[in-house]
Amino acid sequence: MNIIEQFTTAIYKFKNYGSLLKVSALSTAVYYVSLSVICTLITVLGFVFSNVVSGKLSSSLEEIIPNFELTSDTLSCDKIDYADVESRMRIYIDTKGELSSFSKYEMTNEILADSKEVYFANGTMPQTFKMSDVFKFMQALGVTTKTDSKNNVYIDKSNLIEYINSSAFLTLFGIPCVILLFFGQLIQLALDILVAALVMNLIKSMVEKSEFNFSQITKLSIYMITFPELFFCIFYRVPGIRLIYYAIIIAYAVIVMKNIERVGEKDGISGSVQKTQA
């Protein structure tokens, strides 16, 4: 059974679910990774179309990023004082103050800056950088600069937004984010498979004449979550989607178990459905 047949069977060919138990462990593993890739692509494309293509990302950046001007060694910016106790994050920028006078170590993650220096702390070793280093770093990334009437080179808000919307930013930061999202999806799928396996095990305990071993339940769970996962990735913004997701898993588990049992009674599936002895 090729991977396309596995997908179609997993989504709607319930009468053929018994054949999925005969798929090799390697093919099932490839299917699991393929499902993770598809879910990742759906999530990424959904973000791109809803934020980048629609222009929402640019408008959001306009609201989030303050007006600033960064020259070769000096930052000029409106004062920012932001703190989130829940995430232990603090951002404090005062280009009219002195970094040495700012209160540090108040949060796990901190970004503090005056006109000449910026201080970073993320729970590890804190570091302080000069604005001249920040300016050179942004130039190295490919952020375009402007020149004023006095031939002073600087970077401002419009330059930064233009860079974030560019392909260079997508290549440098977007691809690593997609890779991280993929591995996160692998972990999330593993957790969802565990939930599906628990649901199937519960249903199995209610059907006294059918017994499945651990590997069979795990394999069925991998295929069974295909439609619920795709559904969730597409409609994840819908309120209460998680409840709908779990309801679909339960419905699939019931339908799959009934069809597997019927196939076992009619044709017999070696090693998949065992009748308990009276």
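Student: What is the order of the strands in the open sheet?

Tutor: In general, the strands of a sheet pair through backbone hydrogen bonds, either parallel or antiparallel. In this predicted model, five strands form an open sheet in the order β3-β4-β5-β6-β7, and the pairing is mixed. The edges are β3 (80-84) and β7 (127-130); each has a single partner strand, so one side of each is left without a neighbour in the sheet. From one strand to the next, the twist averages 10°.

Student: In which sense do β4 and β5 pair, and over how many bridges?

Tutor: Strand β4 (residues 89-93) and strand β5 (residues 109-113) are paired in the parallel sense, over five bridges. Within this pairing, Arg90 stands opposite Glu110 in β5. Helix α5 (residues 131-141) packs on the sheet and touches β5, β6 (117-122) and β7, with its direction at about 80° to that of β7.

Student: Which residues of α7 and α8 meet?

Tutor: From α7, Ile193, Ala196, Ala197, Met200, Asn201 and Lys204 meet Ile217, Thr218, Leu220, Ser221, Ile222 and Met224 of α8. By class, this contact has eight nonpolar, three polar and one charged residues.

Student: Is α8 mostly covered or mostly uncovered?

Tutor: Helix α8 is mostly covered, with eight of its eleven residues buried. Among them are Gln216, Lys219 and Tyr223.

Key. Residues numbered from 1 in each chain as written. Predicted model: local features only at pLDDT ≥ 70, side-chain atom pairs only at ≥ 80, totals over all residues. Heavy atoms only, no water. Contact = heavy atoms within 4.5 Å. Helix = DSSP H or I, 4+ residues; strand = E, 2+ residues; numbered from the N terminus. Nonpolar A, V, L, I, M, F, W, Y, C, P; charged D, E, K, R; others polar. Buried < 20%, exposed > 50% of the residue type's maximum accessible area, 1.4 Å probe, protein only. Pairing = 2+ DSSP bridges. Axes fitted to C-alpha atoms, helices over the stretch in contact; angles between N-to-C directions.
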